[in-house]
Amino acid sequence: MSDLLEVRVWRGGAEGAFQPFQVPRRPSQTVLDVVTHIQRHLDPTLAYRFACRVGMCGSCAMRVNGTPRWTCRTHVDKVADDGHLEVAPLANLPVIRDLVTDMEEFFSKWTRAKGRFVPTRTRADEPAVVEPTSAKRQEADAGIECIGCAVCYSACDVVTWNPDYLGPAALNRAWTLVNDVRDGARADRLFAVAGDAGCHACHTHMSCTEHCPKHLVPTKSIAGLKRATTGALLTLAPWSDE
Ligand code: SF4
Ligand code: SF4
Ligand code: FES
């Protein structure tokens, strides 16, 4: 195995190009380590984003050899057997510069999908008791660990075809809250995700699920939203809360 990695890194905005670098190969090296080496030792103008380095903040996602990944938890040995790496910004998001994408659109879709918890109790009330074994709690728990990395969003062809589509992360969040029995906005949320750019636009390609680094299953969440929105329509209780 060569002691050097051959790394091509995207430079510039949407009309940019790949720039080659050589980076020393090290044991247990992550893709984020490689990008950081380039920025610290070879070209300080390289723009990229990270924060926690331990898979919690969701800020370090990039495309690595064409596949969207969280780079702080992606070991070079797993993705660059032949010593070649190509690192690019996430797809389906505007490129600000180099490896940094503009996340505004991604998070504004969480807002459109009513991805914020709406409390039904005040601090003066007793805390709600939600049984860990209840079906709704388990549905909510299944999607709650999302770190907002946009890997799934970058992997989704429907987002590419229809940039208005809310996408797997926002819909996964909506399903989590639809199942949160403490939340008071179920009807509004179902209405928000039922339109043309909502859950029914998903083609069930599973690409989001295959790529999610947290092993979440947005496809299942979206299927739940499809059932819930259809059920709400059929009962014609105009989007009424249960
Ligand atoms: S399952 Fe739906 S949201 Fe996920 S990648 Fe496929 S089309 Fe996109
Ligand atoms: S669902 Fe998974 S891939 Fe998508 S933003 Fe959340 S953690 Fe990232
Ligand atoms: S740097 Fe926080 S998830 Fe990678």
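I began with the helix pair and noted that α7 passes α8 in a left-handed crossing. The model is a predicted one.

**Helices α7 and α8**

I looked up the geometry of the pair. Helix α7 covers residues 168–178 and helix α8 residues 186–193. Their axes lie 10 Å apart, and the packing angle is about 155 degrees. Angles over 145 degrees count as roughly antiparallel, and α7 and α8 are therefore roughly antiparallel to each other.

I then listed the contact residues. From α7 I have L171, A174, L177 and V178, which meet R186, R189, L190 and V193 of α8. I sorted the residues of this contact by type and got six nonpolar, two charged and no polar.

**The sheet**

I traced an open sheet of five strands, with mixed pairing and the order β2-β1-β5-β3-β4. The edge positions belong to β2 (17–24) and β4, each with a single partner strand, so one side of each has no neighbour in the sheet.

For a parallel pair I took β1 (residues 4–11) and β5 (residues 84–88), which are joined over four bridges. In that pair I found L85 of β5 as the bridge partner of V7.

For an antiparallel pair I took β3 (residues 61–64) and β4 (residues 67–70), again with four bridges. I found V64 opposite T67 in β4. The hairpin of these strands has two residues between them, and I noted a positive phi near 45 degrees at N65.

**Helix α1 on the sheet**

Last, I checked helix α1 (residues 31–42). I see α1 lying across β1, β2, β3 and β5, and running at about 95 degrees to β2.

Notes. Residues are numbered from 1 along each chain as its sequence is written. Chains are lettered from A and ligands numbered from 1 in the order in which they are written. This is a predicted model: local features need pLDDT of at least 70, side-chain atom pairs count only at pLDDT 80 or more; totals for chains, interfaces and linings use all residues. Two strands pair if DSSP finds at least two bridges between them. Axes are lines fitted to C-alpha atoms, for helices over the stretch in contact, and angles run from 0 to 180 degrees between N-to-C directions. Angles under 35 degrees count as roughly parallel, over 145 as roughly antiparallel, 65 to 115 as roughly perpendicular and the rest as oblique. A crossing is left-handed if the near helix is turned anticlockwise from the far one by less than a right angle, and right-handed if clockwise. Two residues are in contact if their C-beta atoms, placed from the backbone, lie within 7 Å. Ala, Val, Leu, Ile, Met, Phe, Trp, Tyr, Cys and Pro count as nonpolar, Asp, Glu, Lys and Arg as charged, and the others, Gly among them, as polar.
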